[in-house]
Amino acid sequence: MTQTSSFHDHILILDFGSQVTQLIARRVRESGVYCEIWPFNNADIDKIKAFNPKGIILSGGPCSVLDDGSPRAPEGVFSLGLPLLGICYGQQTMVQQLGGTVEGSDHKEFGRAYVDILADSPLLAGSKWNKGTQEQVWMSHGDRVTALPDGFEIIGKSEGAPYAMIANEAKKFYAVQFHPEVVHTPHGADLYRNFTHTICGCSGDWTMAAFRAEEIRKIRAQVGSGKVICGLSGGVDSSVTAVLLHEAIGDQLTCIYVDTGLMRAGESEQVVSLFREHYNIPLIHEDASALFLGQLDGVTDPEAKRKTIGRLFIEVFDKCAGEIGDAQFLAQGTLYPDVIESVSFTGGPSATIKSHHNVGGLPERMNLKLVEPLRELFKDEVRALGRELGMPEDFIRRHPFPGPGLAIRIPGEITREKIEILRKADTIYLEEIRNAGLYDAIWQAFAVLLPVKTVGVMGDDRTYDHVCALRAVTSTDGMTADYYPYPHDFLGRVATRIINEVRGINRVVYDITSKPPGTIEWE
């Protein structure tokens with residue numbers, strides 16, 4: 001159990017491998033209730049009792065309860081006397097483990113469906129889910145419940161799920177076949193709030209103001225009079241980490257900003273100005289652009305680029321840290337999704353899509369202890385904390401930017417000339433997005449300089465220049481994403497500006513690939 005969670009009511013989510021389990025946690029936290037996600041097979045009853053949750057949610061998952069060896073909730077959770085809420089697979093394993101029946105069905109439901117509400121329940125109280133009405137939900141199941149355990153009653157049904165919503169009111173056990181956490185169930189958040197507040201009795205007092213005060217106490221207790229080093233990337237996570245640490249321990253903190261030469265236009269100057277001048281935080285600004293660009297000369301493989309940048313970052317950071325001397329702690333902007341994803345619910349390794357660049361390897365190399373004040377937070381909560389700390393709004397709203405920087409937005413060989421071309425195109429693109437009032441509607445937007453040239457005509461002259469690809473996606477957490485549907489006149493305006501103002505580009509295209517099957521970045 002975390003120190004922060006111990007100050008508040010909290011909910012435990014047992015994960016059976018659903019791709020949207022994180023969204024359950026986000027819905028719970030949005031209502032002011034702290035929660036944690038644990039793999040179902042890493043949650044013995046003694047550990048659960050020590051966590052002392054007010055209620056437990058069983059997530060969805062990709063397996064069938066009819067398969068041998070499929071996941072099960074720890075048997076003891078049904079005798080703890082705690083309220084339970086099962087979601088999709090969570091409903092099916094609850095029903096089967098308590099003596100009901102789950103069967104395969106020829107009538108599968110995937111996507112939008114409608115549930116007829118048949119009975120009143122505390123799970124629905126005061127919400128849009130009223131007896132006699134019909135609610136839109138999002139389904140994703142092949143199996144379905146066909147017989148209820150003793151003590152359960154039906155609350156709602158759909159065409160493909162006769163027991164789409166069920167309850168054992170005496171034991172405060174509830175379960176639904178659909179996914180209330182996704183946006184395609186428009187009023188799903190009401191169900192989570194009723195479960196956490198009405199049924200479990202949570203007070204909803206977990207706020208960023210409370211987190212800020214508690215985390216400052218926690219940092220001071222951990223660090224004492226020791227020195228802390230924080231690596232600034234220029235992104236939101238490391239920046240919020242640094243400001244929170246400085247508020248907690250003042251000049252015991254020194255930040256290191258390694259300038260790789262691969263940042264966007266004006267970004268390094270903005271970071272240095274914000275932390276040195278605005279916050280007066282001790283900062284080492286190491287311009288290592290010549291080293292990075294020299295080592296990347298001729299490197300074209302995406303993984304080789306990432307590994308080269310990661311290795312050099314550690315070497316340069318280590319050198320800068322040596323100049324500080326006598327530091328005992330290294331601060332990182334680790335977030336809760338990083339913590340969750342480090343443990344597979346099956347216990348096995350997950351596929352590596354691409355290497356990630358952070359300060360991995362530094363704690364061991366430098367013999368430092370880690371300080372990770374954001375490891376309980378999701379990205380939107382980090383931004384909320386940034387606002388609580390009074391950080392500039394345009395800074396904390398910034399789109400994510402990859403650790404390797406522009407290197408992975410230039411497929412193929414990297415040169416200074418290509419970096420400058422891309423910087424100019426990217427600046428124009430982001431400027432037009434802001435002018436159109438679209439920046440906050442987009443999760444991430446950027447330009448890519450492609451390793452191909454095409455013939456063009458500018459004036460009366462033939463050109464043979466680079467192609468620029470534009471990318472913009474919408475997402476809630478970066479795990480899945482869809483392209484942003486710009487109006488054609490907007491794309492035309494951006495393309496015209498880039499071609500007219502950036503020497504070296506004569507063609508612009510727009511990437512309409514979703515994730516999956518693509519990734520957000522090109523490399």
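Author: One term comes before the rest: a residue is buried under 20% relative accessible area, exposed over 50%, and partly exposed in between, with a 1.4 Å probe and protein chains only. This is a predicted model, in which local features need pLDDT of at least 70 and side-chain atom pairs count only at pLDDT 80 or more, while totals for chains, interfaces and linings use all residues. Residues are numbered from 1 along each chain as its sequence is written, and side-chain values use heavy atoms, with hydrogens and water left out.

Reader: Is aspartate 120 buried or exposed?
Author: Aspartate 120 counts as exposed, because its relative accessibility is 57%. Aspartate 120 sits in the loop between β6 (109–117) and β7 (134–141). Helices (H or I, at least four residues) and strands (E, at least two) are DSSP runs, numbered from the N terminus.

Reader: And what does aspartate 120 touch?
Author: Beyond residues up to four places away in sequence, aspartate 120 touches Lys131 and Glu169; contact means heavy atoms within 4.5 Å.

Reader: Moving on to β11. Which way do its side chains point?
Author: In strand β11 (residues 173–176), Phe173 and Ala175 point one way and Tyr174 and Val176 the other way, and all are buried. As a general rule, in a regular strand the side chains alternate between the two faces of the sheet.

Reader: What are the pairings of β11 with β4 and β10?
Author: β11 pairs with strand β4 (residues 84–87) in the parallel sense over four bridges, with glycine 86 opposite alanine 175. With strand β10 (residues 165–168) the pairing is antiparallel, again through four bridges, and alanine 167 stands opposite tyrosine 174. Two strands count as paired if DSSP finds at least two bridges between them.

Reader: What is in the turn between β10 and β11?
Author: β10 and β11 form a hairpin with four residues between them, and lysine 172 in the turn has a positive phi of about 60°.

Reader: Now the five-stranded sheet. What is the strand order?
Author: The order is β14-β13-β12-β15-β16, in an open sheet with parallel pairing. β14 (283–287) and β16 (369–371) stand at the edges with a single partner strand each, so one side of each has no neighbour in the sheet. Neighbouring strands of this sheet are turned by 25° against each other on average, direction ignored.

Reader: How many bridges join β15 to β16?
Author: Three bridges join strand β15 (residues 329–331) to β16. Alanine 331 stands opposite valine 371 in β16.

Reader: Which strands do helices α5 and α9 lie across?
Author: Helix α5 (residues 208–223) lies across β12 (228–232), β15 and β16, at about 165° to β16. Helix α9 (residues 302–324) lies across β12, β13 (253–259), β14 and β15, at about 145° to β13. Axes here are lines fitted to C-alpha atoms, for helices over the stretch in contact, and angles run from 0 to 180 degrees between N-to-C directions.

Reader: How many disulfides are there?
Author: The count comes to zero disulfides, a disulfide being a pair of cysteine sulfur atoms within 2.5 Å.

Reader: What about helix α6, how covered is it?
Author: Of the 14 residues of α6, 13 are buried. Helix α6 (residues 236–249) reaches 20 Å from its first C-alpha to its last, close to the 20 Å expected at 1.5 Å a residue; the expected span is 1.5 Å times one less than the number of residues. Glycine 250, with a positive phi near 60°, follows α6.

Reader: Finally, which residues have the most contacts inside the largest nonpolar core?
Author: They are Phe275, Leu385, Tyr429, Ile433, Leu470, Tyr486 and Ile498, in a core of 90 residues. A second, separate core of 36 residues includes Ala113, Leu123, Val137 and Val176. A nonpolar core is a set of buried Ala, Val, Leu, Ile, Met, Phe, Trp, Tyr and Cys residues joined through side-chain atoms within 4.5 Å.
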